[in-house]
Amino acid sequence: MNWRSILGLVFLLVGMKALYVIIDGASKDGLKSSPWRAGAGSVIWMAVGVFLIMQGIRKKEN
C-alpha cells in the first residue's frame, strides 16, 4: 500500500462519515433545510478517495 491508497481510504471514510452525519441531521430537522450542497461535497470527497485508491493500485502494479 502506498501513500495514494492510504490517503484515498482516509478521504473515502471521512466523506462517508460526513454524509451519514448530514443524513442524520436532515432526518432530525425534518424538511426545514436542504443539505444537498453538503451532501454533494461529501460525494465529491468520496469520489476523490476512490480515484486516489485506484491510482495507488495502478502505481503498485507498475
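Start by selecting V21, which is partly exposed with a relative accessible area of 48%. Buried here means under 20% relative accessible area, exposed over 50%, and partly exposed in between (1.4 Å probe, protein chains only). V21 sits in helix α1. Its C-alpha atom is separated by 9.7 Å from that of G39, 18 residues apart along the chain.

This is a predicted model, in which local features need pLDDT of at least 70 and side-chain atom pairs count only at pLDDT 80 or more, while totals for chains, interfaces and linings use all residues. Residues are numbered from 1 along each chain as its sequence is written, and side-chain values use heavy atoms, with hydrogens and water left out.

**The whole chain**

Helices (H or I, at least four residues) and strands (E, at least two) are DSSP runs, numbered from the N terminus. Colour residues 3–29 as helix α1 and residues 36–61 as helix α2. The chain has 62 residues, of which 19% count as buried. It exposes about 4800 Å², with carbon and sulfur atoms supplying 70% of that area. Accessible areas come from the Shrake-Rupley method with a 1.4 Å probe; for residues, only the protein chains shown count as cover.

Contact means heavy atoms within 4.5 Å. Of the contacts in the chain with a separation of 6 or more, 82% are accounted for by residues 24 or more positions apart.

**G8 and G49**

Select G8 in helix α1 together with G49 in helix α2. What is the C-alpha to C-alpha distance between G49 and G8? The two are 3.7 Å apart in space, although 41 residues apart in sequence. G8 counts as buried because its relative accessible area is 0%. G49 is buried too, with a relative accessible area of 0%.

Now show their contacts, leaving aside neighbours within four places in sequence. G8 touches G49, L52 and I53. G49 is in contact with G8, F11 and L12. For another distance from G8, pick A47: their C-alpha atoms are 9.0 Å apart, across 39 residues of sequence.

**S5**

Move to S5, also a helix α1 residue. Is S5 buried or exposed? S5 is buried, with a relative accessible area of 7%. Leaving aside its neighbours within four places in sequence, S5 is in contact with L52, I53, G56 and I57.

**W45**

Next, select W45 in helix α2. W45 is partly exposed, at a relative accessible area of 47%. Beyond the neighbours within four places in sequence, its contacts are F11 and G15. Draw the C-alpha distance from W45 to G15: it is 5.4 Å, for residues 30 apart along the chain. F11 is also in contact with G49.

**M16 and the nonpolar patch**

Finish at M16 in helix α1. M16 counts as partly exposed because its relative accessible area is 31%. Then extend the selection to M1, I6, L9, V10, L13, V14, M16, Y20 and I23, which make a nonpolar surface patch of about 900 Å².

Patches are made of residues with over 30% relative accessible area and no salt bridge; like charges are joined within 9 Å, and nonpolar side chains (Val, Leu, Ile, Met, Phe, Trp, Tyr) within 5 Å. A salt bridge is a side-chain nitrogen of Lys or Arg within 4 Å of a carboxyl oxygen of Asp or Glu.
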